[in-house]
Amino acid sequence: MRVLGRLVLMALGLLLAIPAGAGALTLLLVLDPAAQGWLADGALAGLDALLPDLAAGLSPETLPIVLAGLAQALFVLLVVPPCLVALVGETLRLRSLVWYGGACGLLTASLPWLVRGAPRPGGAAGQLAAEGHLSAILFLAGAAAGLVYWLVAARATDPR
């Protein structure tokens, strides 16, 4: 019965932590002036790439492929870190705010670096600073998700 209770708390914690991380990420990207510039530049670059394709007759299956790629990237950034940290934390019976907030934040911030696997060739100091800034934003979003999980599921004392 105790295991069932922990599983319910874990599911509820994750159910609340994932949208909290998504909300924090959205809020940080909207409020940060540097991130607003990145989003505007990215939107313009995407529009520049899309307009010639539209003029040439974009195939109907292109939009679902782009949306699926975006959904996959958001899943990896927003769902995987809280789930992985919660699984490890519950397995090792960790109940620390530092574990859930810090580990989830670090894992979320490191995912773009891990996926890429190596520094970009010819990376300038400005580009490295921008990537560090984005990592800080991702860390805060992951830490928010970890904090919400800790508040809901991990703060409960482990009955023995």
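This is a predicted model, and a handy place to start is Leu-92, which sits in the loop between helix 4 and helix 5 (97-116). Leu-92 counts as exposed because its relative accessibility is 58%, the cut-off for that label being over 50%.

Together with Phe-75, Val-80, Leu-84 and Val-88, Leu-92 makes a nonpolar surface patch of about 420 Å². Which helix gives the most to that nonpolar patch? That would be helix 4 (residues 80-91), with three residues.

Now for the cysteines. How many disulfides does the structure hold? The count is zero. A disulfide is a covalent bond between the sulfur atoms of two cysteines. Take Cys-83: the closest cysteine sulfur belongs to Cys-104 and lies 9.1 Å away, so the gap is too far for a bond; the cut-off is within 2.5 Å.

Last stop: Arg-6, in helix 1 (residues 2-31). Is Arg-6 buried or exposed? With a relative accessible area of 13%, Arg-6 goes down as buried, because that label covers anything under 20%. Its side chain has a partner, too: a polar contact of 2.8 Å links the side chain of Arg-6 to that of Glu-90.

Conventions
Residues numbered from 1 in each chain as written. Predicted model: local features only at pLDDT ≥ 70, side-chain atom pairs only at ≥ 80, totals over all residues. Heavy atoms only, no water. Patch = residues over 30% accessible without salt bridge, like charges linked within 9 Å, V, L, I, M, F, W, Y side chains within 5 Å. Areas by Shrake-Rupley, 256 points an atom, 1.4 Å probe, with all protein chains shown as cover. Salt bridge = Lys/Arg side-chain N within 4 Å of Asp/Glu carboxyl O. Helix = DSSP H or I, 4+ residues; strand = E, 2+ residues; numbered from the N terminus. Buried < 20%, exposed > 50% of the residue type's maximum accessible area, 1.4 Å probe, protein only. Polar contact = N/O pair within 3.5 Å; in protein donor to acceptor, adjacent residues only side chain to side chain.
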